[in-house]
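Student: I have a new structure to look at, and I would like to learn how to read it. Could you walk me through it?

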Amino acid sequence: MITRIGIFIAIFGLLAGLGRPLKSSAQEELTILNVSYDPTRELWRDINAHFIPLYEKQTGTKLDIDQSHGGSSSQARAVIDGLDADVVTIASIIDTDAIREKGLIKDGWVEELPNRSLPYTSTLVFIVRKGNPKGIKDWPDLVKPGVEVITPNPKTSGNGYLTFFSAWGSVVVRGGSEQDAVDYVTQLYRHVPVLDSGARGATTTFVQKKIGDVNVAWENEANLQVQQSNGALEIVYPPISLLAEPHVTLVDANVDRKGTRAAAQAYLEFLYSDEGQEIIAKHFYRPSNREILEKYRDRFPNIKLFNITEIAENFQAAHKRFISDGGVFDTIYQTKKGS
Amino acid sequence: MATNRKVLPGFSLALGYTVFYLGFLVLMPVAACFLKAGSLSFDEFWKAVWTDRARSAYLLTFGAAAIAAVVNLFLGLIISWVLVRYSFPGKKFIDSLVDLPLALPTAVAGLVYSSLYVESGWLGQYLVPIGIEAAYSRLAIVLVLIFIGLPFVVRTVQPILEDLDPESEEAAASLGATRWQSFRSVILPTLLPALITGFALAFARGIGEYGAVVFVSGNMPFRTEIAPILIVARLEEFNYSEATAIAVVLLVISFAMLVLINMLERWSVRHEH
Amino acid sequence: MSIDAISRKAPAEAAAVTTKIRKAQEDPPLVRWGLTFVTLAVIGILVIIPVVNVFTVALGHGVGAYLDNLFANKDTFHAIKLTLTVAPIAVAANLVFGISAAWAIARFSFPGRALLTALIDLPFAVSPVVAGLSFVLIFGLQGYFGPFLREDGYSVMPYLLSGIGALIGGLVYFLLLPGNPAARKGVWKYPWAAAIAIAAVTFAVLFFLQQYFEVWPRNQSLKVIFALPGLVLATAFVTFPFIARELIPTMEAVGSDEELAAVTLGANGWQMFRHITVPNIKWGLAYGLILCNARAMGEFGAVYVVSGHIAGKTDTMPLRIEKLFQEFNLEGSYAVASVLTLLAIITLVIKTRLERKVPASAALPGPMKPENK
């Protein structure tokens, strides 16, 4: 009887002990969480490996940087729902601004860091199979008969809607009418056999499952794939594409609560340092520092990158007009259903 | 049972804990869903759950589940027939493999099915050239749902078939009925309740499946997008109320299905005796 | 009348009858071969090829690479550990619930019994994504309890732990209460008053101890969603019905006669439970446990929504499969998949063994137990 009571007390102590959080909040160790979008895994792995020792040397604080990757919008949703992100580095201002709307990021965050909080920009290019058998050089080639295009779902993926904006802009910016643009994107999405939910899923479909003739992908993703493919894939730069702007920012509410503001700030500022910019260029993101961009010019062919403002007021307006329910994408997709 | 309460201990404790745990883990979340969806006016609710895109998603979810269940009805009948009536080497092994879909994580099923049927896959290399695209198509969804629903018809029909009274078949045979006649007029009616139950179970399971389908479907709005994916898409547009509205529709339909299955079950038990 | 009954007749007569039945039940060879072929083909294509495929790809680069993929990769190894933490907690919680639900439903009649039985099935009707979503609605930052948990989340812990303590206190009292009313003396004399008193005292003592020693930090956020508790809740929700569904019919089938006898003879609740109830339901219990565990380890949709996908922190094995696949690490992803497949096969083997002991098939929702022969 007494032993039994003893066992219960022991179990209880154990439960209490397990549930008890580690109180050792000695300032030497800090964990910060970087919530990012899909194709940046390799970039951040590299950045973290360089930044952590540097920060420890400078401040004596040992940093642990956790990474979370996923579709840009679902990552934003997770932060809104309480994922403890210290910094968000997601694909587009549409998603970052949704977090601000919930009050977790301060108004005016875009101006907090240099170059409108853009340590790098990117664009969309084509990946094709060895020897480019379908002769794909430019956007109109994507709708040639027999060409299958792989691109993620515009409804759920940053890569997906940026592809749509790019395709639209490739017509309108070069002087085509809106009707031409509608006709073009209607044609384009008829050539898409699979709409994966995220950029990585689409690339996996193209590279590993060998579906499709061309993959419209992030520039960095395209280069990574081509490097790893041992010559089975090639990259094609269309003459014109969209300037994509993946902003970075602190999540003010979280860094203030967790006391990680200084570390998170230093982390993001590191991206603008020469060392950070070099790493960024190495991973095929276009660095914001002109000199370093020129230094790696051979990696970044000089194609015409048009601004979102050439097809809409801003990213949010473009998303609303083209992608949201009842938008242009829905209209063309429904005509597709009938065909 | 009435006397149990006076003699056996722990009734109120067991019942109290059961209700508490059920309430905390199941009813509270479900109620939260309804509450959130309830923040919409009727018009908004209707608009959220009855868009063109939502309609085609429901149609696909229920259509694919129904087709898969019908296919399973036939396959399940054949398999249970073979497992009960015939003997062949490795029968026990095949018998236990029927249950694998119950134990295999659906993410694994989705992963494997999606890579088996693409053009470079083990089976896709033969099927795609002859025009059968069983990856990233509606066919892919049906196929993976057949896999997931496979055990249900077999496991409901098998025990009934085992217990089947041989006398009636014998009687039919002695009255000069052919094998097919005696199957149709003697065996099939007895199996009917079990077949219906198995069908309903496979159907219900198919409606709820997410993990496997999301891997193989390709997620194309209006074509291969199932309803749960639509919920996720709504969430990613930061539209919580509309997401829960669709969730509530699915939930009500699935629970109705479940109640129906229970009623069928009772009906078939009564039918048997 | 069954074959058994027939064979109990005079041997000669039985032999004659059986031959006749054989003929009547026999199909033409063509049909037999055809149907057997269909069965083998269906199982082969639907089940065997996928399983073989998993192991072939996983072991494609040799056993060394396979083991490296599982154990040398820090994040993968963490995912395995996380799954081995989440699944047992969820299963244990559902086990306690299953036993108490089965005890209440199979042993007693009360108003709302049918409703309660139906509600236990409810999680089967909820799409896993919806399950995950509803926990986000409750515990997420925009949800009902989210802001509070973020401000001062740990303040619920003393209540929670003390509540569990009080429950266990009351339970222990009832389990040790002598079955025979005549033998109830001292603290056993007024069961209800004593049980409530014990529960209250346990609650107060535990609560006081936790406050006095400041076990829990103040004004700190308690993470539920995007952390271990959220994963456990989502997993427990999805696997909620399995054990209860299995135990209720098992207990009903066994009947309460032996338990009534034990209590009448003066056994207390614990003795009755240990010596009568557990041996009677142990196979059903084991059966429910392994099915529940298999589902808990493999759950994808619900945990996908509540995980937050922090590499090396909140990725379970099924989520890790997807992530590795997307990092173009096909062998790694199939290696994890092969572990889960192996688990499924082990589950099947145990299940087949157990099925000889339990007549029912519990994986099926609905009261679909084939009647006991």
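**Reading the contacts**

Tutor: Let's begin inside chain C: between domain 1 of chain C and domain 2 of chain C there are zero salt bridges, a salt bridge being a side-chain nitrogen of Lys or Arg within 4 Å of a carboxyl oxygen of Asp or Glu. This is a predicted model, in which local features need pLDDT of at least 70 and side-chain atom pairs count only at pLDDT 80 or more, while totals for chains, interfaces and linings use all residues. Residues are numbered from 1 along each chain as its sequence is written, chains are lettered from A and ligands numbered from 1 in the order in which they are written, and side-chain values use heavy atoms, leaving out hydrogens and water.

Student: How much area do domain 1 and domain 2 of chain C bury between them?

Tutor: The size of an interface is often given as the accessible area lost when the parts come together. Here that buried area (lost accessible area with a 1.4 Å probe, summed over both parts) is about 640 Å², with 81% of it on carbon and sulfur atoms. Phe55(C), Val57(C) and Ala58(C) supply 67% of what domain 1 of chain C buries against domain 2 of chain C, more than any other three residues. By class, the side of domain 1 that touches domain 2 in chain C has five nonpolar, one polar and no charged residues. In this scheme Ala, Val, Leu, Ile, Met, Phe, Trp, Tyr, Cys and Pro are nonpolar, Asp, Glu, Lys and Arg are charged, and the others, Gly among them, are polar.

Student: Now for whole chains: how many residues of chain C and chain B are in contact?

Tutor: Counting contact as heavy atoms within 4.5 Å, 110 residues of chain C touch 94 residues of chain B. The area buried between chain C and chain B is about 9,400 Å², and carbon and sulfur atoms give 79% of that. There are two salt bridges between chain C and chain B. The side chains of Lys351(C) and Asp99(B) meet in a salt bridge (2.5 Å, N to O). Helix α3 (residues 29-58) of chain C provides the largest share of the side of chain C that touches chain B, 20 residues; helices are DSSP runs of H or I with at least four residues, strands are runs of E with at least two, and both are numbered from the N terminus. That side of chain C has 75 nonpolar, 22 polar and 13 charged residues.

Student: And how many salt bridges are there between chain A and chain C?

Tutor: Five salt bridges are counted between chain A and chain C. The side chains of Arg150(C) and Asp84(A) meet in a salt bridge, at 2.6 Å from N to O. On the side of chain A that touches chain C, ten residues are nonpolar, 13 polar and 16 charged. Chain A and chain C bury about 3,100 Å² between them, 60% of it on carbon and sulfur atoms.

Student: In what order do the strands of the open sheet in chain A run?

Tutor: Strands of a sheet pair through backbone hydrogen bonds, either parallel or antiparallel. In chain A, four strands form an open sheet in the order β6-β7-β5-β8, with mixed pairing (two strands pair if DSSP finds at least two bridges between them). The edge strands of chain A are β6 (149-150) and β8 (233-236), each pairing on one side only. Strands β5 (residues 124-129) and β7 (residues 214-218) of chain A pair in the antiparallel sense over five bridges. Phe126(A) has Val216(A) as its bridge partner in β7(A).

Key: Buried area is the accessible area (1.4 Å probe) that two parts lose on being put together, summed over both.
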